Amino acid sequence: MRRVLGLPPDLQSTSLLGEAGLDEVVSALDLCAERTLADLACGRGGYGLEIARRSGCRVVGIDFSVVAIEQAQRRARELGLADRADFRVGELTATGLSTASVDAVLIVDSIQFAEPLPDALRECRRIVRPGGRVIVTCWEALDADDERLSPRLRQLDLARQLPRAGFVDVEVTDKPVWRRAEHALWREALTVEISDDPALRSMQEEGQRVLATFDGLRRVLATARAPRAVPWSPT
Ligand SMILES: C[S@@+](CC[C@H](N)C(=O)[O-])C[C@H]1O[C@@H](n2cnc3c(N)ncnc32)[C@H](O)[C@@H]1O
């Protein structure tokens, strides 16, 4: 996965955002020292920590997996970033972060897990300061009625859902190059000789499922901004 996605060797990813995508995300976030990034559904914290390392920003990572959060905390210590990194257990819909407390929000390949999705987008709007950014990478169905795809993915339409959550300057861009790398990854995974390794077996099963409906999804990068003059309000 690391070779095909081109990620730095010490970045612990549990998603499919490769190096080219990470570069675009870093540039869209436009963070610097003294700024704070919230990495929601952060997993082991790989992307948030890498962005903190590149930009000098602080990162607060939220995930509902206690195990992932412990691993992220350990990783922050190993990378010498513990003074700028804070990982906490929380939900996409209830992060526990204070209102307008972060400069940017990042959600890598996880927004589809939010239940319900609109509440998670409203939570992003609540925690980001006026003028702050939200960046989401995910997949969207080309046809929301395509029953081959999971309902989680079919519900996503960020070009409509981010404005409803109160964001402006919404742009949802197709990423065919990222998608081609994913295709290569799943194809190669299926060529590896089947073994008793449960992780490899699971990856191959996932590859078969993904490739069977590959033509039904598009890869997207969504960027948006909280309005500058409008503080968050619960109504
Ligand atoms: C595909 S992994 C991506 C992790 C990380 N963003 C990355 O790119 O490496 C999905 C992550 O979402 C987390 N997750 C799923 N549903 C969640 C929820 N409702 N609230 C918080 N985290 C959630 C999982 O625990 C997992 O770490």
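Predicted model: local features only at pLDDT ≥ 70, side-chain atom pairs only at ≥ 80, totals over all residues.

A residue is buried if 20 or more other C-beta atoms lie within 10 Å of its own, and exposed if 12 or fewer do. L49 has 26 C-beta neighbours inside 10 Å, so L49 counts as buried.

L49 sits in helix α3. What does L49 touch, not counting residues up to four places away in sequence? The contacts are V59, R75, A76, L79, L81 and A85. L49 and L79 are 30 residues apart along the chain, yet their C-alpha atoms are separated by 8.5 Å.

Helix α4 covers residues 66–78, 13 residues in all. From first C-alpha to last, α4 reaches 19 Å, close to the 18 Å expected at 1.5 Å a residue. An α-helix has 3.6 residues a turn, so residues three or four places apart point the same way.

What covers that buried side? After α4 comes G80, with a positive phi near 70 degrees.

Now turn to the packing of α3 against helix α2. Two packed helices are described by the angle between their axes and the distance between the axes. Helix α2 (residues 19–29) packs on α3 at about 60 degrees, and the axes are 11 Å apart. The two helices are therefore oblique to each other. The crossing of α2 past α3 is right-handed. On the α2 side, the contact is made by L22, V26 and L29. On the α3 side, Y47, E50, I51, R54 and S55 make the contact.

Beyond α2, look at L31. L31 lies in the loop between α2 and β1 (36–40). Is L31 buried or exposed? L31 has 22 C-beta neighbours inside 10 Å, so L31 counts as buried. Leaving aside neighbours within four places in sequence, L31 is in contact with L37, I51, S55, C57, D103 and A104. I51 and S55 also belong to the α3 side of the helix contact. P198 is 167 residues away from L31 along the chain, and the C-alpha atoms of the two are separated by 39 Å.

Terms used: Residues numbered from 1 in each chain as written. Helix = DSSP H or I, 4+ residues; strand = E, 2+ residues; numbered from the N terminus. Expected span 1.5 Å × (residues − 1). Contact = placed C-beta atoms within 7 Å. Axes fitted to C-alpha atoms, helices over the stretch in contact; angles between N-to-C directions. Parallel < 35°, antiparallel > 145°, perpendicular 65-115°, else oblique. Left-handed = near helix turned anticlockwise from the far one by under 90°.
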